[in-house]
Amino acid sequence: MTVEPVDEAAALSVAACLFHGFSDASRLAIVRHLALGEHRVVDLTEHLGLAQSTVSKHLACLRDCGLVDSRPQGRASLFSLTHPEATMRLLSAAEELLELTGDAVALCPVYGVEAQG
């Protein structure tokens, strides 16, 4: 049995793409709402106070990343997380890491709160 070598650069690139799916506060809010169950776009716009076009754009990104799926219901679509348990484990691990690092992430000159403003 031959084991193929892992292309570490390619694996890291794919991991970076996954984390990019979570790199926007609105997308994170959408993911958190979808963790509660299926939602329509109109439900998400009401809950989050975002424009329909914004929610749709972020849902498309999350779908392209393989993080959400949709199914038709009448004239609307219901969106849900494709892997809710794994997604919530990742978000829980991120919250734990944020607790451990304190304000360091927010103060980062490249990716911190001030850099985004």
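**Figure 1. Pro72 and Ser77 face each other across a pair of strands.** Pro72 stands opposite Ser77, a residue of strand β2. This is a predicted model, in which local features need pLDDT of at least 70 and side-chain atom pairs count only at pLDDT 80 or more, while totals for chains, interfaces and linings use all residues. Residues are numbered from 1 along each chain as its sequence is written, and side-chain values use heavy atoms, with hydrogens and water left out. Strands β1 and β2 pair in the antiparallel sense over six bridges (two strands pair if DSSP finds at least two bridges between them). Helices and strands here are DSSP runs, numbered from the N terminus: a helix is H or I over at least four residues, and a strand is E over at least two. The hairpin of β1 and β2 has two residues between the strands, and Gly74 takes a positive phi near 65° there. A handy rule for looking at strands: in a regular strand the side chains alternate between the two faces of the sheet.

**Figure 2. The whole chain, for orientation.** The C-alpha atoms fill a box of roughly 50 × 50 × 20 Å, taken along the principal axes. Of the 117 residues, 22% count as buried; buried means under 20% relative accessible area, exposed means over 50%, and partly exposed lies in between (1.4 Å probe, protein chains only). A contact means heavy atoms within 4.5 Å. Among contacts between residues at least 6 apart in sequence, 47% join residues at least 24 apart. An unreviewed UniProt entry places the feature "domain: HTH arsR-type" at residues 7-101; UniProt positions are given in the numbering used here, feature names are shortened, and annotations may be inferred rather than shown by experiment. Over residues 7-101 the chain is 66% helix and 13% strand, with the end C-alpha atoms 30 Å apart.

**Figure 3. Thr45 in helix α3.** Start at Thr45, which sits in helix α3 (residues 41-48). Is Thr45 buried or exposed? Thr45 has a relative accessible area of 16%, so Thr45 counts as buried. Its side chain reaches the backbone oxygen of Val42 at 2.7 Å. Leaving aside residues up to four places away in sequence, Thr45 touches Leu50, Ala51, Gln52 and Val55. In α3, the buried residues are Val41, Asp43, Leu44 and Thr45, and what covers them includes α2, α4 and β2. Just after α3, Gly49 takes a positive phi of about 70°.

**Figure 4. Leu44 and the largest nonpolar core.** A nonpolar core is a set of buried Ala, Val, Leu, Ile, Met, Phe, Trp, Tyr and Cys residues joined through side-chain atoms within 4.5 Å. Which of the 14 residues in the largest nonpolar core touch the most other members? They are Ile30, Val31, Leu34, Leu44, Val55, Leu59 and Leu62. Helices α2 (25-34), α3 and α4 (52-64) and strand β2 (76-81) each supply at least two residues of this core. Not counting residues up to four places away in sequence, Leu44 touches Ile30, His33, Leu34, His39, Gly49, Val55 and Leu59.

**Figure 5. Three salt bridges.** Side chains of opposite charge can pair when their charged atoms come close. The structure holds three salt bridges, each defined as a side-chain nitrogen of Lys or Arg within 4 Å of a carboxyl oxygen of Asp or Glu. In one of them, Glu95 pairs with Arg32, and the closest N and O atoms are 2.2 Å apart. Glu95 lies in helix α5 (residues 84-101) and Arg32 in helix α2, so this pair ties together parts that are 63 residues apart in sequence. Glu95 is partly exposed at 35% relative accessibility, and Arg32 is partly exposed at 38%. Glu38 and Arg71 also meet in a salt bridge (2.8 Å, N to O). This pair links distant parts of the chain, with Glu38 in the loop between α2 and α3 and Arg71 in strand β1 (residues 68-73), 33 residues apart. Arg40 forms a salt bridge with Asp43, the closest N and O atoms being 2.9 Å apart. Here Arg40 is partly exposed at 32% relative accessibility, whereas Asp43 is buried at 16%.

Definitions and conventions. Polar contact = N/O pair within 3.5 Å; in protein donor to acceptor, adjacent residues only side chain to side chain.
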